[in-house]
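Let's walk through this one together, question by question. Have the coordinates open as you read.

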Amino acid sequence: MRTRRLADSRWLAALFGAGCVVLAIIVVEILVRTAVINPYIVPPPSDILRAIPRIIAEENVLHRFSQTAQEMLWAAVLLALVGIPLGVLLYGSRLLRRAFESWVGAFAAAPVVLAYPLFLVTFGRSATTIVAIGFAAGLAPVILTTLDGLVGTRRVLLDVGTSFRLSSRDKFFKILLPSALPSVFVGMRLGLIFAMINIVGVEFLINFGGLGQLINELAERYDLPGTYAAITFVVLASVLFFDVTARIERRMRPAR
Amino acid sequence: MKATGNIAVSRTSVAWVRIAFVLVVLVVWETVARSGILTHDIVPSLTKIGAALWRLLASGDFWFNLGVTASEIAIAMVIGGVWGLATGLLLGANRFLSRAFEALLLYLGPTPKIIFFPVLIMWFGVGAGSKIAMGVVSCFFPVAIATAAGMRGIDSVLIRVGRSFRATTWQMITRIYLPAMRRPVINGIRLGLGVALIGTLLAETKLSNRGLGYLVIQAYSLFDMPRMYAILLVLFVVAIAANTLIVRHAGNEHGTR
């Protein structure tokens, strides 16, 4: 019984998980310091920790962070302006929905980011290329979840609207859109996650922009602790982004 | 009878809309290519792209590089898939471990994996090893997360039946858990394949002298746009076909409503 209660304890499990991570870091530190792991390949974790304030100060990390954030913001605006109306369009026409919904699903599976050299030729080595790829990568989930949200509107709500003789426009803005809003937000979140992955990835690949470029530059300089610290910083920034958007999503859910 | 007629008409309409859409895209493309609004190099004519596609498919070079990329992805899928499956089974079977480590997987899963490539080059060299490792890191997370979720979703009656027959751990895994989790696991493998493909190919575009990613970046360096379009076309068709095949196999195709 007592063992069962211990196994059920969330905080104990979280503590155990965190403890294992810390232990793994300590083990790596010892193995690198004793040269069991080649220090020219893996720097000691303490050096990585010390490199974080250095790269924040010397490599202008906050400015780079804001550059990446701006690219994401532009991608988000484009996704909302194009993706949501396309989802509404597919909802409005049964013929278009039947013709293109599966195509949009197939487009979601296409490795769009591989076309980055094509975007480079079209838009040059610029933020436009990065934003365009982020937008293209995030478009399909926004369209599909907007459509899902609209299709999932309860029939009874629409019938009430009809009995009150609401115009199509009023029905859309007063019933369909509020009902689909949580799904639309889920789609925007998914789209932004895809956009972020591709934006940072392309920054790294074309050596331009914010955080992705930072990793590439540090790796090319063979600044090992700096490279690992920059990767850690990007991972932490991504985790923060997922966490914040997941919390917003959870807050929106009861509105349904 | 009338209903069948309606469905037939509807299917025909859908087919016509699709054909019309493709034709409009092709006509607009060709018009732009011939008008010179955009540089010919950016939007080459369809005939040039068709010819490049033909030359590409007829060249031994393409098939060799396709083989290199396919083998890298296959090895990555085996290593990452088995690793992800084992991790997912462990986390799905043990609530304590799931609470301790699954949040890590959920948070690290959607991070951009390509940023780990400089580290993977140092660990596994500039050859195929770092590309395979890139594929492994990419496909591990979706497989592990889907397997853990799938295992938790197994009907408890099935598990109780297995235990009442005194099945061994191995028998429980092979006879109860894996068959009951078929759909989420295949879904995880489908997602894993998609991201492994992207990870491996992006790594090839960054630093490689073989593989389809290398061919794309080579076409870019030579400014051979028809060839680049041809390679991307083949890649997109292969990726979408592989995804559709796995979805059909899992029996959960996203149908039209």
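This is a predicted model: local features need pLDDT of at least 70, side-chain atom pairs count only at pLDDT 80 or more; totals for chains, interfaces and linings use all residues.

Residues are numbered from 1 along each chain as its sequence is written, while chains are lettered from A and ligands numbered from 1 in the order in which they are written.

Q: At roughly what angle do the axes of helix 2 of chain A and helix 4 of chain B cross?
A: Helices here are DSSP runs of H or I with at least four residues, numbered from the N terminus. Axes are lines fitted to C-alpha atoms over the stretch in contact, with angles from 0 to 180 degrees between N-to-C directions. For residues 10-33 of chain A and residues 95-108 of chain B, the axes come within 8 Å and cross at roughly 55°.

Q: Which residues of helix 4 of chain B meet helix 2 of chain A?
A: Contact means C-beta atoms, placed from the backbone, within 7 Å. Helix 2 of chain A brings R10(A), A13(A), A14(A), F16(A) and G17(A). Their partners in helix 4 of chain B are F96(B), R99(B), A100(B), F101(B) and L104(B).

Q: How many helices does chain B have?
A: The elements of chain B, from the N terminus on, run α-α-α-α-α-α-α-α-α-α-α. Chain B has zero strands, and its helices come to 11.

Q: What box do the C-alpha atoms of chain B fill?
A: The box is taken along the principal axes. Its dimensions are roughly 75 × 65 × 30 Å.

Definitions and conventions
Helices (H or I, at least four residues) and strands (E, at least two) are DSSP runs, numbered from the N terminus. Two residues are in contact if their C-beta atoms, placed from the backbone, lie within 7 Å.
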